[in-house]
Amino acid sequence: MTALPLPPFTVTAEDGPGTARLRLTGDLDYDTSGELARAAEECLAADPRLADLHLDCAQLRLCDSMGVATLLLIHRGTTARGVRLHVESPPPFLTRILDVTGIGHLFALGAHGQESAQDRTDDGATPG
Amino acid sequence: MRPAPGGSPLMAPQKEETATKARRQLLPDAGDAVLYPVVVADRTGTVVRVNRAAAALLADAAPGVGMARAVPAWLARAHAEAGARTAAPEPSAPRSSVRGKIGELGFEAHPTRHEDGSIAWWLVDDTDRRLAEEALATERRRTMFLAEASNVLLASLNAERCMQATARLAARHLADAAVVVTPPDGRQLLMTSAVAGREPVRTRITADPSAVPGLGEALQGFPPVPSRWIDPASLPDWMLPEDFPGDVGSVAVTPLPGHGVPAGALILLRAGGRAEFSESEEIFARLFAARAGAALSAARMYAEQNAITQTLMRDLLPPELHRTNGVEFAGGYRPAGTRERVGGDFYDLHPGGTDEESSLVVLGDVCGKGLDAAVLTGKIRNTVQALAPMAGDHERMLQLLNGALLTSHHTRFATLVLASVQREENQVRLRLTSAGHPAPLVVRNDGTVEEISTRGTLVGALPQIEARTVETCLQPGETCLLYTDGVTEARGGPLGDAMFGEERLTRALSGCAGLPGTAVVERVQMLASQWVGDGRHDDMAVVAITAPRTTHLSAVNGRTRGRYTA
């Protein structure tokens, strides 16, 4: 596969009735995580009746600690508004990060399409 | 090709002759009608003819007078030089004109050679052009100076050197001496003064800046007062550079504007007898001051930032580890490439009060980088130290730490691993708890590498956390390795983009069986560094806890249970 010069990070929003989906591509890191936080904040502010916020991570290439902090920040925002936060199609590295950091249970890890939830070893942590 | 007879092949000889004839005829008859002053002198340097305009311009010029007396030296010299060339084979060859001054006016003299060897000098007034050229040259010199000043000033982020460069440049190009004064720090004034051609001198004195007219205002960033309002006699002695030549004739005080806050003031001094500062010079000095102020301000801000980073670094650098309470501890820390950034990895050892109390090791990784990460790191290390006596219950300790770190305005978190370490006989007992951190690895003597199955939630972001503590035991020679993900996530390798990964780490460790802790730490650091090569990497921190190799000494006195050599 030829490595095309991809933009470092993009967020694309799609709205449906009562649900919003953000499609993330590229590297979610120290420099780009602010963009995701803003996009999620806009989704939450745009629709007061929003019930589900989906983060489609299928095209995510990297997620560093600031990326994780941003996911936690979005989770804090959705929890306060009673919105369910779904992390969809997490690539193996993301599943691993969420697993090691013990926060996987916070995100309704949804399989999007054919991809199933990774071989997640649940440590029995209950949603907080 | 043979030249045409009587002339050059490119020029029709008849025509040239006609033109010369025409001009010669013009002079005696119509010479007075010509507006340009014309002086005709012969081969011997004697004036032959002078038209009216030339007579009006050159009082001594009259037929029969020597050129040396009749015209200024530059023209007489040009005539003599041209005369020396009369023997040249082609009198029609174009002659170059010469320039010089007659009285206050500038002239260009264009020679026309006659067949008899005499030369007519046509004088064209070019005073205005000359003035324009001079003004242009001045502007060019100023632009060049400003460009040079910018280069010199921005070359250094050292405030002291920046002040020296400002004083030196200003003294050399704008005045006879220059003094750079920084805004007062308490009651002290920091001054750097330079006399043209000498090295700047730095002084710190206790003085009131308002003693110098306009200085107090300039230091606050107010626009400068015109130089002519400042009486040089009113300058206090402390302001004058020691080696200033003679009396001060004129003074200009200009603020050095910084980024938002004034960076200081520039005082220009000229000796008595020299021209005072003109308005255009004052404006120019302000242009220079703007550059100097910006450079000085940047240098000072950098110095401040650097000092902050230094202070933090000093406090945040991990401690040196060594054998404590009968257990070998070794640590290694490699900060991320960018020097001025405080890293987010840390480790600490809190030794137990006695050999019977367990020691607590904490190794962690704080999310983000820079000042925010540094502040959080400091907070965590202090809190863990305060909570160290509670190390009997790691989960409780982590919950208290989590509560202390939780804030409503961000979700910056930390992952860490706690290890309570206790020497028992020749073994080392370990209680290990991960809070969202990569699990510790234990290198057994037979080369197997065991991942300790402790799990937990990261701290600092969620209201509730959980953690599971796992116990294990190290036989002499066995090592438990705590590490941050900077090691496993180091990108590099043959293709440059592969992660070092846990598998490679595990394989490397299995080759370290039986090695002392320091060697294990060095080996892991070396492999990770080699993997990364010249590439970027995150902080990497590694701590090895090793049960020392011992030899059992059987009871010496028959009553005690015996000792170990280490």
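**View 1. Interface of chains B and A.** Contact, defined as heavy atoms within 4.5 Å, links 24 residues of chain B to 20 residues of chain A. In this predicted model, local features need pLDDT of at least 70 and side-chain atom pairs count only at pLDDT 80 or more, whereas totals for chains, interfaces and linings use all residues. Residues are numbered from 1 along each chain as its sequence is written, chains are lettered from A in the order in which they are written, and side-chain values use heavy atoms, with hydrogens and water left out. About 1800 Å² is buried between chain B and chain A, 55% of it from carbon and sulfur atoms; this is the accessible area (1.4 Å probe) that the two parts lose on being put together, summed over both.

**View 2. Salt bridge of A:Asp99 and B:Arg455.** The closest N and O atoms of this pair are 3.1 Å apart. Two salt bridges are counted between chain B and chain A, each being a side-chain nitrogen of Lys or Arg within 4 Å of a carboxyl oxygen of Asp or Glu.

View 3. B:Asp345 lies in strand S12 (residues 345–350) of chain B, strands being DSSP runs (E, at least two residues) numbered from the N terminus. B:Asp345 is buried yet has no salt bridge, and the nearest side chain of opposite charge, B:Arg381, is 11 Å away. Buried means under 20% relative accessible area (1.4 Å probe, protein chains only); Lys and Arg count as positive, Asp and Glu as negative, and His and the chain ends are not counted. Beyond four places in sequence, the contacts of B:Asp345 include B:Tyr333, B:Asp365 and B:Met540.

Definitions and conventions: Helix = DSSP H or I, 4+ residues; strand = E, 2+ residues; numbered from the N terminus. Buried < 20%, exposed > 50% of the residue type's maximum accessible area, 1.4 Å probe, protein only.
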